[in-house]
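Open the model in your viewer and keep the sequence panel beside it. Each stop below says what to select and what to look for there.

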Amino acid sequence: MRKWMLAFTACILMTACSAEEENKEGAKNDSTNSQEYNEAVNTEGEEKPLSVAELDDRIDEGMNIDTYSAEVQSWAEKGQLEMEETVTVEDENTSSADILQLADGFLGVAYDEKEVTEVKMFQSVEHAKEYFESL
């Protein structure tokens, strides 16, 4: 009887050990698949900077200023863009322009109290700043 108890205990321990290894492998595969998905679709948690073309498609003239602000803040928190500077347009006290640094350039976004009024690509912060200050 003692031999049977030892054999039974050994079987239980071996089963428990193999189940634990399978759980570790499954968790590793899940995290790898999740990471690959994020890289493929450029989703939350990814810190890959956006390109000018990607952002130019997402920000349009006439876009609501609240929607624009929320989108830019979300992308900045994810590390997908950097807010370089905000320029006040001299002709109108209510107009401003954000200069956004992206992976392959800079995007200037002018807006008033209600909506985005202009979206333009630049090669440097200085060019963008000069352009918006001259308006």
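Is D98 buried or exposed? Select D98: at 4% relative accessibility, D98 counts as buried. Buried means under 20% relative accessible area, exposed over 50%, and partly exposed in between (1.4 Å probe, protein chains only).

**Before going further**

This is a predicted model: local features need pLDDT of at least 70, side-chain atom pairs count only at pLDDT 80 or more, and totals for chains, interfaces and linings use all residues. Residues are numbered from 1 along each chain as its sequence is written, and side-chain values use heavy atoms, with hydrogens and water left out.

**Colour by confidence**

Colour the chain by pLDDT, the predictor's confidence in each residue, from 0 to 100. The mean pLDDT of the protein chain is 79, and 62% of its residues reach 70 or more. Among the elements, helix α1 (residues 2–41) has the lowest mean pLDDT, 58, and α3 the highest, 95. Where pLDDT is low, the predicted coordinates should not be read in detail.

**Switch to cartoon**

The protein chain has 4 helices and 4 strands. Helices (H or I, at least four residues) and strands (E, at least two) are DSSP runs, numbered from the N terminus. Along the sequence the pattern is α-α-α-β-β-β-β-α. Of the 135 residues of the protein chain, 28% count as buried.

**Stay with D98**

D98 lies in strand β2. Show the side chains of D98 and Y68: a polar contact of 2.8 Å joins them. A polar contact is a pair of N or O atoms within 3.5 Å; within protein, one must be able to donate a hydrogen and the other to accept it, and residues adjacent in sequence count only if both atoms are side-chain atoms.

Now list the contacts of D98, with contact meaning heavy atoms within 4.5 Å. Leaving aside neighbours within four places in sequence, D98 is in contact with Y68, M83, E85, T86, L107, G108, V109 and Y111.

**Select S96**

S96 also lies in strand β2. S96 is buried, with a relative accessible area of 15%. Beyond four places in sequence, the contacts of S96 include T86, V87, V109 and Y111.

**Select residues 65–77**

This is helix α3, with 13 residues. Helix α3 reaches 18 Å from its first C-alpha to its last, close to the 18 Å expected at 1.5 Å a residue. That expected span is 1.5 Å times one less than the number of residues.

Which residues of α3 are buried? They are I65, Y68, V72 and W75. Look down the axis: the buried residues of α3 fall within an arc of 100°, so they line one face of the helix. The arc is that of the directions from the helix axis to the C-beta atoms. The buried residues of α3 pack against α2 (52–58), β1 (82–88), β2 (96–102), β3 (105–111) and β4 (116–122). On the face turned away from the buried side, D66 and E77 are exposed.

Check both ends of α3. At the start, a side-chain oxygen of N64 reaches to within 2.6 Å of the backbone nitrogen of D66. Just after α3, G79 takes a positive phi of about 80°.

**Show the core**

A nonpolar core is a set of buried Ala, Val, Leu, Ile, Met, Phe, Trp, Tyr and Cys residues joined through side-chain atoms within 4.5 Å. The largest one has 17 residues. L55, I59 and Y68 have the most contacts inside this core. The elements that give two or more residues to this core are α2, α3, β2, β3 and β4. α3 gives the most, with 4 residues.

Centre on I59. Not counting residues up to four places away in sequence, I59 touches Y68, V72, W75, V109, V116 and V119.

**Select residues 125–133**

This is helix α4, and its buried residues are V125, A128 and F132. These residues cover an arc of only 65° around the axis, which puts them on the same side of α4. What covers them includes β1, β2, β3 and β4. On the other side of α4, E126 and E130 are exposed.

**Finish at E82**

E82 lies in strand β1. E82 is partly exposed, with a relative accessible area of 48%.
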